[in-house]
Amino acid sequence: MCRSIKTLREPYVAEVSPADVDAAALQYVRKISGFRKPAAHNTAAFDTAVAAVAAATATLLSELEVRGARSAGAAT
């Protein structure tokens, strides 16, 4: 299941959309929980986890510094 999560940083992708981040978060939570779709009584916990993972992923991607990336400007 996690094999379908794509690398979301340069140079693998030029631009990451919120949908990309959400899809990766959903796949991660599905893998960890063992549920493709949670039962009604677990939906809130599942959705909260997906949102938290998506937020952490967005933070990580915004703070990563990829040396030699196309958007890095001058070479170091």
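# Two crossing helices: a guided look

Visitor: Where should I look to begin?
Guide: Start with helix H1 (residues 18-33) and helix H2 (residues 43-63), whose axes come within 8 Å and cross at roughly 130°. Keep in mind that this is a predicted model. The protein has two helices and zero strands.

Visitor: Which residues in H1 and H2 meet?
Guide: From H1, the list includes Val 21, Ala 25 and Val 29, and from H2 it includes Phe 46, Val 50 and Ala 54. The residues of this contact of H1 with H2 divide into 12 nonpolar, two polar and two charged.

Visitor: How do you know that Ala 54 is buried?
Guide: Buried means under 20% relative accessible area. Ala 54 has 8%, so Ala 54 counts as buried. Ala 54 is found in helix H2. Leaving aside neighbours within four places in sequence, Ala 54 is in contact with Val 21, Asp 22 and Ala 25. Ala 54 and Ala 23 are 31 residues apart in sequence, yet 8.5 Å apart in space, C-alpha to C-alpha.

Visitor: What makes up the largest nonpolar core?
Guide: This core has eight residues: Leu 8, Val 21, Ala 24, Ala 25, Val 29, Phe 46, Val 50 and Ala 54. H1 and H2 are the elements that give two or more residues to the core, and H1 gives the most, with four.

Visitor: What does Val 21 touch?
Guide: Not counting residues up to four places away in sequence, Val 21 touches Leu 8, Val 16, Ala 54, Thr 57, Ala 58 and Leu 61.

Visitor: And how many residues are in the protein, with what share buried?
Guide: Buried residues make up 18% of the 76 residues. Among contacts with a separation of 6 or more, 59% come from residues 24 or more positions apart.

Note on methods
Residues are numbered from 1 along each chain as its sequence is written. This is a predicted model: local features need pLDDT of at least 70, side-chain atom pairs count only at pLDDT 80 or more; totals for chains, interfaces and linings use all residues. Side-chain values use heavy atoms; hydrogens and water are left out. Axes are lines fitted to C-alpha atoms, for helices over the stretch in contact, and angles run from 0 to 180 degrees between N-to-C directions. Contact means heavy atoms within 4.5 Å. Ala, Val, Leu, Ile, Met, Phe, Trp, Tyr, Cys and Pro count as nonpolar, Asp, Glu, Lys and Arg as charged, and the others, Gly among them, as polar. A nonpolar core is a set of buried Ala, Val, Leu, Ile, Met, Phe, Trp, Tyr and Cys residues joined through side-chain atoms within 4.5 Å. Buried means under 20% relative accessible area, exposed over 50%, partly exposed in between (1.4 Å probe, protein chains only).
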